[in-house]
Amino acid sequence: MNDLMPPETVVRLDDPHSGLRGFIVLHSTALGPAAGGCRLWRYADEAAASEDALRLAAGMTMKNALAGLPLGGGKAVLMLPDAPFSRTRLFEAFGRAVAALDGRYVTAEDVGTGVDDMATVAERTAHVAGLPRRDDRPGDPSPWTARGVFQAMAVAVERRLGCRLSEVTVAVQGVGHVGMALCELLHEAGARLVIAEPRSELAARAATRFGADLVSSRAITSVPADVFAPCALGGVLTLASVATLKARVVCGAANNQLASPEVADLLARRGVLYAPDVVVNAGGIINVAAEYLGWPQETVPARVDAVAARLREVLDRAEACAVPPAHAAPMLARDVVAQSSRAGAAKAALAA
Ligand code: NAD
């Protein structure tokens with residue numbers, strides 16, 4: 001569940017014909033098949049790719065457990081080959097690698113990959129989700145992630161500020177797939193928006209649609225706002241950025257928002273309520289799980305909205321144990337895995 005818990009399996013990928021290089025990490029299968037997306041990114045070397053895969057897979061174990069999913073945690077990290085390369089051949093080769101794991105790993109999209117890549121993977125294996133829209137199944141996880149963040153933000157704002165989203169200003173960093181959908185929900189709820197987004201066409205669209213104020217990427221962490229919603233890259237909460245943060249609530253979609261564990265303590269000392277990313281950004285994986293496990297699509301909204309109740313549980317645990325919420329989330333995830341392992345052992349003993 002954390003860096004101290006070693007992964008169950010690490011598969012090194014190396015296929016010179018397609019250019020496929022990287023790692024699939026099965027961190028834990030205690031709750032079910034290890035599930036987590038496939039990232040395609042430029043890495044300095046194999047060591048950097050493997051480190052990222054290990055960290056992300058461990059995070060997925062925690063996220064899936066906290067979301068109440070019957071899934072363990074895993075992740076694939078592919079090293080972006082030098083151009084020119086065939087994307088189709090790359091993802092066919094990746095699909096074969098996933099197939100070889102025989103259902104122990106379930107993949108989906110992540111940073112650098114999309115629904116079309118997953119469609120290529122699906123030609124080689126059934127253990128993939130996040131596919132192009134079929135019937136009533138919207139494959140894109142981003143709107144679900146935004147919905148979960150929105151529900152969680154309402155809880156965090158109520159707790160720390162004692163008010164509703166209609167009364168707050170939210171500073172949103174990044175209006176890509178998730179950030180834009182989140183702004184839509186916040187705008188409908190009556191929140192005032194301040195946005196930083198380097199892609200000027202997206203920034204302009206957000207300003208027009210939501211009447212949002214635009215600020216630079218550098219300024220967004222310190223603008224006067226009630227809530228800061230990181231929806232771009234990880235590592236945005238550093239000792240330096242938190243020192244100038246005006247918002248009293250942090251709640252956003254980005255993975256791995258804390259640059260280091262001690263940032264959680266600084267946030268708490270400064271009276272900032274940090275809603276842990278592994279809890280609040282689970283909406284996408286919940287939709288992926290529903291697709292893979294064949295749950296009716298109409299059950300997804302309630303499952304995603306349950307993120308709010310899970311955040312309350314984490315905040316209650318944090319208060320009870322006098323630790324920051326970022327430390328309470330792994331404690332709760334460990335309990336979920338342990339309870340399920342005990343239930344599994346009891347079932348096996350009864351069956352024996
Ligand atoms: P995306 O690439 O569509 O959007 C990210 C946006 O952030 C881009 O528009 C980019 O231009 C902008 N950006 C980059 N650097 C910035 C900066 N310094 N300041 C402001 N904006 C900046 O990605 P996404 O799918 O919307 O995901 C956003 C974050 O949420 C990522 O960290 C991702 O890992 C995480 N996440 C996404 C999902 C999902 O369902 N897509 C699920 C869980 C977690």
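Tutor: In this predicted model, the side chains of tyrosine 43 and aspartate 52 make a polar contact at 2.5 Å. Tyrosine 43 sits in a loop, the one that runs between β4 (38-41) and α1 (46-66). Its relative accessible area is 13%, and the limit for a buried residue is under 20%, so tyrosine 43 counts as buried. Apart from neighbours within four places in sequence, the residues in contact with tyrosine 43 are Ala48, Ala49, Asp52, Val77, Leu78 and Met79. Serine 86 lies 43 residues from tyrosine 43 along the chain, and the C-alpha atoms of the two are separated by 19 Å.

The helix packing involves α4 (residues 142-161) and α12 (residues 307-321), whose axes are 8 Å apart and meet at an angle of about 40°. That angle is why α4 and α12 are described as oblique to each other. Their crossing is right-handed. On the α4 side, the contact is made by Gly148, Gln151, Ala152, Val155, Ala156 and Arg159. On the α12 side, Val307, Ala308, Leu311, Arg312, Leu315, Asp316 and Glu319 take part.

Terms used: Residues are numbered from 1 along each chain as its sequence is written. This is a predicted model: local features need pLDDT of at least 70, side-chain atom pairs count only at pLDDT 80 or more; totals for chains, interfaces and linings use all residues. Side-chain values use heavy atoms; hydrogens and water are left out. Axes are lines fitted to C-alpha atoms, for helices over the stretch in contact, and angles run from 0 to 180 degrees between N-to-C directions. Helices (H or I, at least four residues) and strands (E, at least two) are DSSP runs, numbered from the N terminus. Angles under 35 degrees count as roughly parallel, over 145 as roughly antiparallel, 65 to 115 as roughly perpendicular and the rest as oblique. A crossing is left-handed if the near helix is turned anticlockwise from the far one by less than a right angle, and right-handed if clockwise. Contact means heavy atoms within 4.5 Å. Buried means under 20% relative accessible area, exposed over 50%, partly exposed in between (1.4 Å probe, protein chains only). A polar contact is a pair of N or O atoms within 3.5 Å; within protein, one must be able to donate a hydrogen and the other to accept it, and residues adjacent in sequence count only if both atoms are side-chain atoms.
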